[in-house]
Every structure is written in C-alpha cells, then in structure tokens.
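Please read them with the sequence and the coordinates side by side.

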Amino acid sequence: MKRVSLNRALVLEQPERVADGAGGFGTVWQSLGTLWADVQEGSGREARGPAGAVSRLALRITVRGAAFDSPKRPRAGQRFREGPRVFSVDAVAEAGMFLVCHAHEEVAQ
C-alpha cells in the first residue's frame, strides 16, 4: 500500500429512521464523529438519478482501523461529510492498520 496521508477531517454519519408524523418515516443523518482520512478520487461518469442526470465520482477513502464493533468504524450505507460535500460509503475493506472505504459522490447536473 502506498503512503497514506490522513490530512482531511471527514464527519462520519449514519442514517436514522424517524416518524414523519403522517404515518410514514423519514431519514435523518446522525453524526458519529470526525475521522482523519486520505481521499483519492477515481474516475467519474454521468449517471441517471431520480431527478435526472447526475455526475458520479468514485472515491477511495482511507481511515485508521477500528474495532469491528466500534461506532467509529465506517460501514456500507453510512456516509462521510466534508462541508457541503457528501460521500456515500459503498463498501469497506481492511488494509493492514487502515480501512479502505469505497465510496461515491453524486452531484446533480
């Protein structure tokens, strides 16, 4: 594995289902804490989203390893936030003392 530079602070968030008051449910995102990360951008492409075309960028986000039951261990279905940018986690793999999160960012066009 190449040298990892954990130089970006990302907020790890997980979805929480909450009642919407009309018999249904909505999703709110709960912060689990800030993790220092190395973010490598991959290839981008245009994809079809629910409201039209979106630009989709693949990302490889590396963070320090954490115990399997730790709330600071990223999981698929969670997301990272950096200011207004949101990175959805698709999969997580162990790489020595680090965790590599395969993620994507989508921006409406």
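1. Which residue is the bridge partner of Glu 82 in E5? The model is a predicted one, and in it Glu 82 has Arg 85 as its bridge partner in E5. The two strands concerned, E4 and E5 (residues 85-95), pair in the antiparallel sense over 4 bridges, and they form a hairpin with 2 residues between them, where Gly 83 in the turn has a positive phi of about 60 degrees.

2. On its other pairing, E4 is joined to E1 (residues 8-19), again in the antiparallel sense, over 3 bridges, and here Glu 13 stands opposite Arg 79 in E4. Between E3 and E6 (residues 98-108), which run antiparallel, there are 11 bridges, and Arg 60 stands opposite His 102 in E6.

3. Taken together, 6 strands close into a barrel with antiparallel pairing, and their order is E1-E2-E3-E6-E5-E4. From one strand to the next the twist averages 45 degrees.

4. The largest nonpolar core comprises 15 residues, and those with the most contacts inside it are Leu 10, Leu 59, Ile 61, Val 63, Phe 80 and Phe 87. Two or more residues of this core are given by each of E1, E2 (25-49), E3, E5 and E6, with the largest share, 4 residues, coming from E3. As for Leu 10, once its neighbours within four places in sequence are left aside, its contacts include Ile 61, Phe 80 and Phe 87, and also Gly 33, Thr 34, Leu 35, Ala 37 and Val 39.

5. Is Arg 73 buried or exposed? Arg 73 counts as buried because its relative accessibility is 9%, and the cut-off for that class is under 20%. Not counting residues up to four places away in sequence, Arg 73 touches Leu 12, Ala 66, Ala 67, Phe 68, Gln 78, Glu 94 and Leu 99.

6. Phe 68, one of the residues that Arg 73 touches, also has the charged end of Arg 75 over its ring, 5.9 Å from the centre. A further arginine, Arg 17, lies over the face of Phe 25 at 3.9 Å from the ring centre. For readers who set up ring interactions, the count of aromatic pairs comes to 0 by the rule applied, which takes ring centres within 6.5 Å.

Key
Residues numbered from 1 in each chain as written. Predicted model: local features only at pLDDT ≥ 70, side-chain atom pairs only at ≥ 80, totals over all residues. Heavy atoms only, no water. Buried < 20%, exposed > 50% of the residue type's maximum accessible area, 1.4 Å probe, protein only. Contact = heavy atoms within 4.5 Å. Phe/Tyr/Trp six-rings, centres within 6.5 Å; stacked < 30°, edge-to-face > 60°. Lys NZ or Arg CZ within 6 Å of the ring centre and 35° of its normal. Pairing = 2+ DSSP bridges. Axes fitted to C-alpha atoms, helices over the stretch in contact; angles between N-to-C directions. Core = buried A, V, L, I, M, F, W, Y, C linked by side-chain atoms within 4.5 Å.
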